[in-house]
Amino acid sequence: MRFAGIDIGSRTIAMVVWERGRLAFSRVVDSGPNPVERAAQLLGDVGKYRRVVATGYGRHAARAAFAHEIITEIKAHALGARAVYPQCRTVLDIGGQDIKVIRLDDNGRVVDFLMNEKCAAGTGKFVEVMAQTLGLDLTQFACMALATSERVTLNSTCAVFAETEVVSLLARGVKAEAVARAVLESVCAKAASMLHRVGLKPALVFTGGVALLSGIADLLGARLRTEVVIPSDPQIVGALGAALYGQIKEAGL
(Lines give C-alpha, C1' and ligand atoms only; values in the text may rest on other atoms or scores of the structure.)
Protein backbone atom coordinates (compact mmCIF):
# COMPACT_ATOMS: atom_id res chain seq x y z
CA MET A 1 0.00 0.00 0.00
CA ARG A 2 1.07 3.56 -0.73
CA PHE A 3 0.89 6.33 1.84
CA ALA A 4 1.57 9.94 0.91
CA GLY A 5 2.71 12.58 3.36
CA ILE A 6 2.72 16.23 2.38
CA ASP A 7 4.16 19.07 4.45
CA ILE A 8 2.84 22.44 3.29
CA GLY A 9 5.14 25.07 4.76
CA SER A 10 5.44 28.81 4.40
CA ARG A 11 8.26 28.60 1.85
CA THR A 12 8.32 25.02 0.55
CA ILE A 13 6.16 21.94 0.11
CA ALA A 14 7.67 18.53 0.81
CA MET A 15 6.08 15.31 -0.41
CA VAL A 16 6.93 11.73 0.52
CA VAL A 17 5.53 8.41 -0.68
CA TRP A 18 5.96 5.49 1.73
CA GLU A 19 5.38 2.09 0.14
CA ARG A 20 6.03 -1.42 1.44
CA GLY A 21 8.00 -0.18 4.40
CA ARG A 22 10.38 2.08 2.52
CA LEU A 23 10.72 5.57 1.08
CA ALA A 24 9.60 5.24 -2.53
CA PHE A 25 9.60 8.91 -3.57
CA SER A 26 10.31 12.37 -2.21
CA ARG A 27 10.32 15.88 -3.61
CA VAL A 28 10.57 19.46 -2.33
CA VAL A 29 9.18 22.43 -4.28
CA ASP A 30 8.50 26.10 -3.60
CA SER A 31 5.09 26.78 -2.07
CA GLY A 32 4.23 29.47 -4.61
CA PRO A 33 1.24 31.84 -4.38
CA ASN A 34 -1.29 28.99 -3.96
CA PRO A 35 0.33 26.28 -1.81
CA VAL A 36 -2.67 23.94 -1.64
CA GLU A 37 -3.10 23.96 -5.41
CA ARG A 38 0.64 23.38 -5.79
CA ALA A 39 0.45 20.47 -3.35
CA ALA A 40 -2.48 18.93 -5.24
CA GLN A 41 -0.51 19.12 -8.49
CA LEU A 42 2.44 17.46 -6.79
CA LEU A 43 0.28 14.59 -5.54
CA GLY A 44 -1.55 14.00 -8.80
CA ASP A 45 -4.30 11.39 -8.58
CA VAL A 46 -5.13 11.01 -4.88
CA GLY A 47 -6.68 7.63 -5.67
CA LYS A 48 -3.17 6.20 -6.10
CA TYR A 49 -2.66 6.36 -2.33
CA ARG A 50 -4.28 4.42 0.46
CA ARG A 51 -4.09 7.54 2.61
CA VAL A 52 -2.86 11.09 2.07
CA VAL A 53 -1.86 12.86 5.28
CA ALA A 54 -1.11 16.58 5.38
CA THR A 55 0.88 18.59 7.89
CA GLY A 56 2.34 22.09 8.07
CA TYR A 57 0.72 25.51 7.82
CA GLY A 58 -1.56 24.44 5.00
CA ARG A 59 -2.81 21.18 6.50
CA HIS A 60 -6.37 22.32 7.24
CA ALA A 61 -6.87 23.72 3.74
CA ALA A 62 -5.36 20.51 2.36
CA ARG A 63 -7.88 18.40 4.26
CA ALA A 64 -10.70 20.41 2.72
CA ALA A 65 -9.17 19.93 -0.74
CA PHE A 66 -7.69 16.42 -0.89
CA ALA A 67 -6.14 14.98 2.29
CA HIS A 68 -7.69 12.05 4.15
CA GLU A 69 -6.02 12.96 7.44
CA ILE A 70 -4.04 15.77 9.02
CA ILE A 71 -1.36 15.71 11.70
CA THR A 72 0.30 18.52 13.65
CA GLU A 73 3.81 19.57 12.68
CA ILE A 74 5.03 18.51 16.12
CA LYS A 75 3.80 14.92 15.78
CA ALA A 76 4.92 14.72 12.15
CA HIS A 77 8.48 15.79 12.91
CA ALA A 78 8.66 13.51 15.94
CA LEU A 79 7.63 10.49 13.85
CA GLY A 80 9.86 11.43 10.94
CA ALA A 81 12.94 12.14 13.04
CA ARG A 82 12.66 8.83 14.90
CA ALA A 83 12.25 7.01 11.58
CA VAL A 84 15.47 8.44 10.13
CA TYR A 85 17.40 8.29 13.43
CA PRO A 86 15.87 5.95 16.04
CA GLN A 87 18.13 7.28 18.84
CA CYS A 88 16.60 10.76 18.47
CA ARG A 89 15.46 12.33 21.72
CA THR A 90 15.31 15.98 20.62
CA VAL A 91 14.25 17.51 17.30
CA LEU A 92 15.21 20.98 16.11
CA ASP A 93 13.36 22.13 13.00
CA ILE A 94 14.18 25.52 11.49
CA GLY A 95 12.03 26.34 8.51
CA GLY A 96 11.25 29.43 6.50
CA GLN A 97 9.35 31.30 9.18
CA ASP A 98 9.39 29.30 12.40
CA ILE A 99 11.50 27.22 14.76
CA LYS A 100 10.25 24.05 16.44
CA VAL A 101 11.99 22.27 19.30
CA ILE A 102 10.58 18.89 20.38
CA ARG A 103 11.71 16.63 23.22
CA LEU A 104 10.86 12.92 23.05
CA ASP A 105 10.90 10.10 25.56
CA ASP A 106 12.66 6.77 25.01
CA ASN A 107 9.66 5.48 23.05
CA GLY A 108 9.46 8.48 20.73
CA ARG A 109 6.45 10.10 22.38
CA VAL A 110 6.39 13.91 22.59
CA VAL A 111 7.23 15.04 26.12
CA ASP A 112 7.51 18.78 25.52
CA PHE A 113 7.82 21.24 22.66
CA LEU A 114 8.35 24.90 21.94
CA MET A 115 7.63 26.98 18.85
CA ASN A 116 8.84 30.39 17.76
CA GLU A 117 6.11 31.32 15.29
CA LYS A 118 5.35 34.98 16.03
CA CYS A 119 8.73 36.32 14.97
CA ALA A 120 11.10 35.41 12.12
CA ALA A 121 14.18 35.72 14.36
CA GLY A 122 16.57 32.85 13.75
CA THR A 123 14.53 31.36 10.91
CA GLY A 124 15.27 30.74 7.25
CA LYS A 125 13.65 34.05 6.34
CA PHE A 126 16.01 35.83 8.75
CA VAL A 127 19.08 34.25 7.11
CA GLU A 128 17.71 34.94 3.64
CA VAL A 129 17.20 38.64 4.37
CA MET A 130 20.71 38.93 5.80
CA ALA A 131 22.20 37.18 2.76
CA GLN A 132 20.33 39.51 0.42
CA THR A 133 21.67 42.49 2.36
CA LEU A 134 25.19 41.25 1.57
CA GLY A 135 24.23 40.57 -2.06
CA LEU A 136 24.75 36.82 -1.73
CA ASP A 137 22.76 33.65 -2.24
CA LEU A 138 22.46 31.28 0.71
CA THR A 139 25.26 28.96 -0.42
CA GLN A 140 27.70 31.85 -0.87
CA PHE A 141 26.58 33.33 2.43
CA ALA A 142 27.25 30.14 4.41
CA CYS A 143 30.65 29.61 2.76
CA MET A 144 31.64 33.21 3.52
CA ALA A 145 30.60 32.82 7.17
CA LEU A 146 32.85 29.80 7.57
CA ALA A 147 35.82 31.50 5.91
CA THR A 148 36.63 33.62 8.96
CA SER A 149 37.22 33.20 12.67
CA GLU A 150 36.66 36.91 13.34
CA ARG A 151 33.88 37.40 15.87
CA VAL A 152 31.28 40.15 15.73
CA THR A 153 28.13 40.19 17.83
CA LEU A 154 24.79 40.84 16.17
CA ASN A 155 22.61 42.39 18.86
CA SER A 156 19.33 42.50 16.94
CA THR A 157 17.35 39.30 16.44
CA CYS A 158 14.45 40.94 14.60
CA ALA A 159 15.01 40.62 10.84
CA VAL A 160 14.11 44.28 10.24
CA PHE A 161 16.40 45.71 12.93
CA ALA A 162 19.16 43.20 12.18
CA GLU A 163 19.23 44.31 8.55
CA THR A 164 19.81 47.89 9.70
CA GLU A 165 22.53 46.70 12.09
CA VAL A 166 24.26 44.74 9.31
CA VAL A 167 24.31 47.81 7.06
CA SER A 168 25.76 49.81 9.96
CA LEU A 169 28.48 47.21 10.62
CA LEU A 170 29.50 47.18 6.97
CA ALA A 171 29.62 50.99 6.93
CA ARG A 172 31.99 50.86 9.91
CA GLY A 173 34.36 48.66 7.93
CA VAL A 174 33.50 45.28 9.45
CA LYS A 175 34.24 42.57 6.90
CA ALA A 176 31.31 40.86 5.20
CA GLU A 177 32.68 37.48 6.27
CA ALA A 178 32.52 38.48 9.94
CA VAL A 179 28.98 39.80 9.51
CA ALA A 180 27.86 36.57 7.83
CA ARG A 181 29.35 34.50 10.65
CA ALA A 182 27.62 36.73 13.22
CA VAL A 183 24.28 36.02 11.53
CA LEU A 184 24.77 32.24 11.69
CA GLU A 185 25.97 32.48 15.29
CA SER A 186 22.80 34.47 16.05
CA VAL A 187 20.67 31.69 14.54
CA CYS A 188 22.53 29.11 16.64
CA ALA A 189 22.13 31.20 19.80
CA LYS A 190 18.36 31.44 19.26
CA ALA A 191 18.08 27.70 18.64
CA ALA A 192 20.28 26.86 21.65
CA SER A 193 18.15 29.03 23.93
CA MET A 194 14.99 27.22 22.87
CA LEU A 195 16.65 23.81 23.16
CA HIS A 196 17.76 24.50 26.71
CA ARG A 197 14.28 25.71 27.64
CA VAL A 198 12.66 22.50 26.42
CA GLY A 199 15.38 20.31 27.97
CA LEU A 200 17.91 19.12 25.39
CA LYS A 201 18.50 15.36 25.38
CA PRO A 202 20.85 13.68 22.90
CA ALA A 203 20.64 12.59 20.20
CA LEU A 204 19.67 15.90 18.59
CA VAL A 205 18.28 15.71 15.05
CA PHE A 206 18.30 18.97 13.05
CA THR A 207 15.69 19.26 10.28
CA GLY A 208 14.32 21.94 7.96
CA GLY A 209 15.82 24.01 5.17
CA VAL A 210 18.25 25.89 7.42
CA ALA A 211 19.94 22.57 8.25
CA LEU A 212 21.18 22.55 4.64
CA LEU A 213 23.44 25.56 5.26
CA SER A 214 27.05 24.46 5.16
CA GLY A 215 28.71 24.37 8.57
CA ILE A 216 25.73 25.42 10.67
CA ALA A 217 25.54 22.03 12.40
CA ASP A 218 29.18 22.38 13.49
CA LEU A 219 28.55 25.89 14.86
CA LEU A 220 25.48 24.71 16.74
CA GLY A 221 27.20 21.58 18.01
CA ALA A 222 30.13 23.61 19.33
CA ARG A 223 27.75 25.93 21.17
CA LEU A 224 25.73 23.05 22.66
CA ARG A 225 28.73 20.74 23.16
CA THR A 226 26.82 17.87 21.63
CA GLU A 227 26.61 16.12 18.26
CA VAL A 228 24.05 17.48 15.83
CA VAL A 229 22.62 14.89 13.43
CA ILE A 230 21.35 16.11 10.06
CA PRO A 231 19.32 13.61 7.96
CA SER A 232 20.30 13.08 4.32
CA ASP A 233 17.30 15.21 3.30
CA PRO A 234 16.32 17.38 6.28
CA GLN A 235 13.46 19.07 4.43
CA ILE A 236 11.31 15.94 4.05
CA VAL A 237 11.25 14.78 7.68
CA GLY A 238 7.83 16.30 8.44
CA ALA A 239 6.32 14.82 5.27
CA LEU A 240 7.84 11.45 6.12
CA GLY A 241 6.23 11.59 9.55
CA ALA A 242 2.89 12.39 7.94
CA ALA A 243 3.15 9.40 5.60
CA LEU A 244 4.08 7.12 8.50
CA TYR A 245 1.08 8.42 10.44
CA GLY A 246 -1.11 7.31 7.53
CA GLN A 247 0.34 3.82 7.80
CA ILE A 248 -0.25 3.80 11.57
CA LYS A 249 -3.88 4.87 11.14
CA GLU A 250 -4.43 2.23 8.49
CA ALA A 251 -3.14 -0.42 10.89
CA GLY A 252 -5.58 0.83 13.51
CA LEU A 253 -2.85 1.64 16.04
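1. Strands S1 (residues 2-8) and S4 (residues 51-56) run parallel and are joined by six bridges. Strands here are DSSP runs of E with at least two residues, helices are runs of H or I with at least four residues, and both are numbered from the N terminus. Two strands count as paired if DSSP finds at least two bridges between them.

2. A word on provenance: this is a predicted model, where local features need pLDDT of at least 70 and side-chain atom pairs count only at pLDDT 80 or more, while totals for chains, interfaces and linings use all residues. Residues are numbered from 1 along each chain as its sequence is written, and side-chain values use heavy atoms, with hydrogens and water left out.

3. Back to the sheet. It is open, has five strands in the order S3-S2-S1-S4-S5, and its pairing is mixed. S3 (22-30) and S5 (69-70) are the edge strands; each has a single partner strand, so one side of each has no neighbour in the sheet.

4. Have a look at Lys-100, which sits in strand S7 (residues 99-104). This lysine is buried, at 2% relative accessible area (buried is under 20%, exposed over 50%, partly exposed in between; 1.4 Å probe, protein chains only). What does its side chain make a polar contact with? The partner is the side chain of Glu-73, at 3.2 Å. A polar contact is a pair of N or O atoms within 3.5 Å; within protein, one must be able to donate a hydrogen and the other to accept it, and residues adjacent in sequence count only if both atoms are side-chain atoms. Leaving aside residues up to four places away in sequence, Lys-100 also touches others, including His-77, Asp-93 and Met-115 (contact means heavy atoms within 4.5 Å).

5. Helix H8 (residues 216-224) has Ile-216, Ala-217, Leu-219, Leu-220, Gly-221 and Leu-224 as its buried residues. These pack against several elements, among them strand S6 (90-94), helix H5 (138-146) and helix H7 (176-198). Just after H8, Arg-225 takes a positive phi of about 60°.

6. As for the whole protein chain, there are nine helices and ten strands. Of its 253 residues, 51% count as buried. Among contacts with a separation of 6 or more, 62% come from residues 24 or more positions apart. The C-alpha trace spans about 60 × 40 × 30 Å along its principal axes.
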